[in-house]
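The sequence and structure are shown first.

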Amino acid sequence: MSTEAPAAAPQTPTASAVPLIEARDIGKRYGSVRALGGVSTVVKAGEVTCVLGDNGAGKSTFIKILAGSHQQSDGELLIDGTPTHFSSPRAALDAGIATVYQDLAVVPLMPVWRNFFLGSEPTTGAGPFRKLDVKQMKATTFTELDNMGIRLRDVDQPIGTLSGGERQCVAIARAVYFGARVLILDEPTAALGVKQSGVVLRYIARARDRGLGVVFITHNPHHAYPIGDRFMLLQRGESLGTFPKSEISLEELTGMMAGGAELETLAHELARSGGSAAEVARELRAEVDALPTDTASAQSPAESPAAAAASAEPDAR
Amino acid sequence: MTTTDLVTVANRRSLDRSRLKRLFTRPEIGALVAAIAVLVFFSVYTGQFFSLPGAGVWLESASTFGIMAVAVALLMIGGEFDLSSGVMTGFTALIVGVLTTHYGLNIWVAVVIALIVALGVGALNGYLVMKTGLPSFIVTLGTFFVLAGIDLALTKVITGQVSIQGMTQVPLYDSIQPVFGSSVEIGGGNFYVSVLWWVAVTVVATWVLLRTRAGNWIFAVGGAQTAARQIGVPVLKTKIGLFMTTAGAGWLVGMISLFRTSTVQANTGVGQEFIYIICAVVGGCLLTGGFGSAIGAALGALIYGMTFQGITFAQWDTNWLRTFLGAMLLGAVFLNHWVRIRAGGGSR
């Protein structure tokens with residue numbers, strides 16, 4: 001990856017274009033243990049694919065396959081239409097897939113401009129007098145962040161003095177500058193307050209508008225819905241399917257995320273135990289009833305009375 | 001692009017304004033103020049201190065500590081300690097002494113062998129620290145005691161004494177002595193070549209830290225090692241290089257003390273590793289790594305040299321030096337802690 005590389009040329013998103021990434025029934029086994037199975041989705045240029053799921057749903061296994069840390073054991077991963085097994089994170093990076101992890105990979109005490117170029121510093125001069133191109137580094141950092149809409153007073157301030165949201169944005173801008181075509185964001189809003197989350201979502205939109213394909217991993221449907229173009233839901237290592245935005249409402253998404261069926265089972269169990277728990281159970285049942293019935297019942301376990309209604313998800317155990 | 005450029009110009013004013021503020025958060029500012037204070041105090045208090053003969057004495061004293069403090073500062077910025085740095089100065093000098101006086105080896109060859117052995121020990125320190133994941137404090141405490149034992153026991157076994165005698169009779173001694181131990185007289189003061197070495201080491205270290213890729217990597221591995229690794233910084237190479245730099249500086253100081261006094265004791269350097277660390281911390285290095293300066297460490301050594309000789313000039317009990325150093329260290333740590341909180345660097 002050349003240090004002078006400008007950002008990838010913006011691509012116009014067209015429906016007919018070959019997806020940047022296509023997952024076909026991807027799965028991952030550790031020996032006989034199945035950590036992930038049946039995941040199919042696409043990532044297109046200029047679009048946001050959201051991966052939703054609770055803790056332990058298999059989100060991180062999925063992104064590790066995309067980022068090259070793990071290899072899929074089932075199914076096919078197509079990059080630009082070509083079946084691929086990434087051998088290392090470096091190989092994924094070379095294919096233009098950049099991952100921004102939760103800890104952001106920034107060094108808090110170092111200035112913003114040093115962080116921006118860390119590991120890929122441009123130099124001038126030759127031999128023992130080869131030195132950092134400080135002027136260009138500072139100017140580029142300022143311009144690139146400005147393009148993302150981050151107006152820094154001073155690129156020389158330690159990155160630790162920026163807010164969590166701003167740091168996230170610097171990490172995104174860095175990935176974009178170094179030629180990423182696909183940006184994988186691992187829970188970028190998880191540790192942020194409401195306002196900061198909004199700031200980060202705005203930068204995700206900017207990256208999308210610059211023609212990048214974005215994979216946005218989150219457990220918060222309220223963050224995913226406004227920005228996502230399609231939603232892939234994971235539960236206990238299984239895909240519940242990929243839904244285009246036109247086919248799913250925020251309420252339905254929230255219902256599937258909250259595991260309406262599970263809440264119902266819990267309510268049932270608590271009701272049987274009676275006593276003070278019954279109060280909680282009644283509240284839970286009220287909540288379950290408030291959920292749209294079709295999604296709530298779609299994944300009900302067999303022992304639930306509601307499962308009598310058409311169960312579209314037999315293996316939701 | 002044009003709009004961006006306009007924005008940049010509009011922002012220039014606020015950039016200038018923050019420059020002054022940034023000066024006061026530089027790591028070496030505290031050491032600079034303290035050095036001036038110590039200089040003024042002893043200049044007023046004693047007659048000889050602020051004179052060329054006086055300056056020759058305290059500069060000479062500061063120079064060898066300065067060389068080591070700068071190397072130790074780089075290592076501390078990289079997030080590690082080297083407790084074997086003090087004993088390394090004696091170890092390398094003893095290698096040269098034993099090889100030349102006892103085995104009759106060419107003195108230039110012996111000096112090069114000592115350098116290679118030193119770099120080897122440094123690389124071993126770094127490799128052990130990185131491969132075991134143990135704190136460098138423990139690993140280098142081990143090498144410290146191993147080397148200290150070798151210094152005493154092996155020297156005694158080979159030469160029958162605990163110091164090297166007769167260096168001046170070694171052939172070609174006069175050809176190498178000026179490189180490390182010569183001095184010039186300026187206005188009645190003796191100025192040793194070690195002061196030049198000290199300045200050179202400080203300049204090179206500062207340049208590497210602030211203007212090279214390696215410098216960027218040193219700050220990164222000390223500030224956030226996992227993040228540095230994720231982003232593609234060669235962590236192992238950087239850390240081993242730092243341990244080798246400290247060992248190399250130990251060799252340089254070993255040669256300077258050997259050729260200045262033409263003798264070396266088997267316990268040379270033991271206990272001085274803490275003074276190097278104190279100089280580096282007084283110079284603004286954080287104990288947790290990721291922040292500091294080579295110039296600051298050099299200033300820390302200057303404070304040490306001036307205080308050491310100033311107390312002698314003032315005819316006080318020299319034992320007060322340690323009390324003073326301890327107080328300086330505490331003051332510096334509090335100051336650094338405050339800077340670090342302001343810089344917002346929470347986790348390591």
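Helix α4 (residues 85-102) of chain B packs against helix α6 (residues 136-159) of chain B at an angle of about 20°, with the axes 10 Å apart. α4(B) is therefore roughly parallel to α6(B), and their crossing is left-handed. On the α4(B) side the contact includes V87(B), M88(B), F91(B) and L94(B), and on the α6(B) side F144(B), L147(B), I150(B) and D151(B) are among the residues. The residues of this contact divide into 10 nonpolar, four polar and one charged.

The model is predicted: local features need pLDDT of at least 70, side-chain atom pairs count only at pLDDT 80 or more, and totals for chains, interfaces and linings use all residues. Residues are numbered from 1 along each chain as its sequence is written, chains are lettered from A and ligands numbered from 1 in the order in which they are written, and side-chain values use heavy atoms, with hydrogens and water left out.

| Pair | Angle | Axes |
|---|---|---|
| α4(B) and α6(B) | about 20° | 10 Å apart |
| α7(B) and α11(B) | about 120° | 8 Å apart |
| α4(A) and α5(A) | roughly 110° | within 10 Å |

Axes are lines fitted to C-alpha atoms, for helices over the stretch in contact, and angles run from 0 to 180 degrees between N-to-C directions. Angles under 35 degrees count as roughly parallel, over 145 as roughly antiparallel, 65 to 115 as roughly perpendicular and the rest as oblique. Contact means heavy atoms within 4.5 Å.

Helix α7 (residues 173-181) of chain B and helix α11 (residues 235-261) of chain B pack at about 120°, which makes α7(B) oblique to α11(B). The crossing is left-handed. Y173(B), I176(B) and F180(B) are among the α7(B) residues that meet α11(B), where the partners include W251(B), M255(B) and F259(B).

In chain A, helix α4 (residues 134-147) and α5(A) cross at roughly 110°, so the two are roughly perpendicular to each other. Q136(A), T140(A), E144(A) and L145(A) of α4(A) meet V170(A), A173(A) and Y177(A) of α5(A).

The second largest pocket has a volume of about 680 Å³. Of its 31 lining residues (those with an atom within 4 Å of a pocket point), the closest to the centre are L93(A), T99(A), Y101(A), Q230(B) and I231(B). α5 (164-177) of chain A is one of the elements that each supply at least two residues of the lining. The lining has 19 nonpolar, eight polar and four charged residues.

Notes
1 Å grid on protein atoms, 1.4 Å probe; cavity = no way out; pocket = protein on both sides within 12 Å on 5 of 7 lines; lining within 4 Å. Points joined across faces, edges and corners; volume = space filled by probe spheres on them. Helix = DSSP H or I, 4+ residues; strand = E, 2+ residues; numbered from the N terminus. Nonpolar A, V, L, I, M, F, W, Y, C, P; charged D, E, K, R; others polar. Left-handed = near helix turned anticlockwise from the far one by under 90°.
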